[in-house]
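Please look through the structure shown here and work through a few questions about how its parts meet one another.

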Amino acid sequence: METEFAVCTQEQIDAMLQRLQTIRRNIAEACNEAGRSADEVTLMAVTKTVAPDLINAAVDAGVNVLGENRVQEFLSKKDFYRPGAEVQFIGHLQTNKVKQIIDKVTLIHSVDSVHLAEAVSKAAQQQGITMPVLLEVNIGGEISKSGTAPEAVRTLLEHVLTLPNIRVDGLMTIPPPTTDAAEQDAVFARMQEIYQEMQKITPMHVLSMGMSGDYAAAVRRGATLVRIGSGLFGARLYPPQNSVV
Ligand SMILES: *Cc1c(COP(=O)(O)O)cnc(C)c1O
């Protein structure tokens, strides 16, 4: 199949495989420090702007979860993905786009309102499936970020639990960017606390937190899934003329 996407070079693949090895080693080390087993943590490869060839090379190397955060980009790339990895949706999701992805992803990380949960519930009903989701928490309280306020997670969870055909498997967060280790740790500790509180309400098994710059800190605070883009595939290029893909 011909693709409109850039072909990646063997050098790019080799560099990616090198980074993958380092990431796996760092995750294992962080697990070890926290007294956890390394197989408790799933490494998700975040694919935005990345050529399908390079994504496929990661899948060949054993990465079995891909994270998509733009509906249009995902739909244009998905047919070029080799089977072997499940796809999860991690981006901000508009209610009118839910139908386009509901039957193509295994988990939606970004449910942050009753309105969106209702749209997922309805679309899942039409498909005759139950859709697993995570509730996105705006842990830093940033106005620019999506996610529900930490104080509002319980109310949102209790409401979503009343909806048919949708199941809450856990929580997700994108913390404010910082390289300060103490700040990273404080935020992830707070998330872990909220996660443990919510586990008293319903069984949950996914705590999605940690990205390229802070995944080790997240793993030390109980992350079960880390979402890694640039740290695996290299710096993202956003050519303005090509901003959809
Ligand atoms: C892009 C993205 C990531 C990965 O970010 P990196 O810093 O490149 O690892 C993780 N989560 C979400 C929701 C993203 O949009």
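Q: Is the crossing of H6 and H7 left-handed or right-handed?
A: In this predicted model, helix H6 covers residues 153-160 and helix H7 covers residues 181-199, and the two pack with their axes 11 Å apart at an angle of about 35 degrees. The crossing of H6 and H7 is right-handed.

Q: Which residues of H7 make the contact with H6?
A: By class, the contact of H6 with H7 has 4 nonpolar, no polar and 2 charged residues. On the H6 side the contact is made by Val 153, Arg 154 and Leu 157, and on the H7 side by Ile 194, Glu 197 and Met 198.

Q: How much of the area that the ligand exposes when taken alone does the protein bury?
A: The residues around the ligand include Asn 69, Ser 212 and Arg 236. An oxygen atom of the ligand is 2.9 Å from an N or O atom in the side chain of Asn 69, while for the side chain of Ser 212 the corresponding distance is 2.5 Å, and for that of Arg 236 it is 2.8 Å. Taken alone the ligand exposes 390 Å², and of that the protein buries 89%.

Definitions and conventions
Residues are numbered from 1 along each chain as its sequence is written. This is a predicted model: local features need pLDDT of at least 70, side-chain atom pairs count only at pLDDT 80 or more; totals for chains, interfaces and linings use all residues. Side-chain values use heavy atoms; hydrogens and water are left out. Axes are lines fitted to C-alpha atoms, for helices over the stretch in contact, and angles run from 0 to 180 degrees between N-to-C directions. Helices (H or I, at least four residues) and strands (E, at least two) are DSSP runs, numbered from the N terminus. A crossing is left-handed if the near helix is turned anticlockwise from the far one by less than a right angle, and right-handed if clockwise. Contact means heavy atoms within 4.5 Å. Ala, Val, Leu, Ile, Met, Phe, Trp, Tyr, Cys and Pro count as nonpolar, Asp, Glu, Lys and Arg as charged, and the others, Gly among them, as polar. A residue is near a molecule or strand if one of its heavy atoms lies within 4 Å of it. A polar contact is a pair of N or O atoms within 3.5 Å; within protein, one must be able to donate a hydrogen and the other to accept it, and residues adjacent in sequence count only if both atoms are side-chain atoms. Accessible areas come from the Shrake-Rupley method with a 1.4 Å probe; for residues, only the protein chains shown count as cover.
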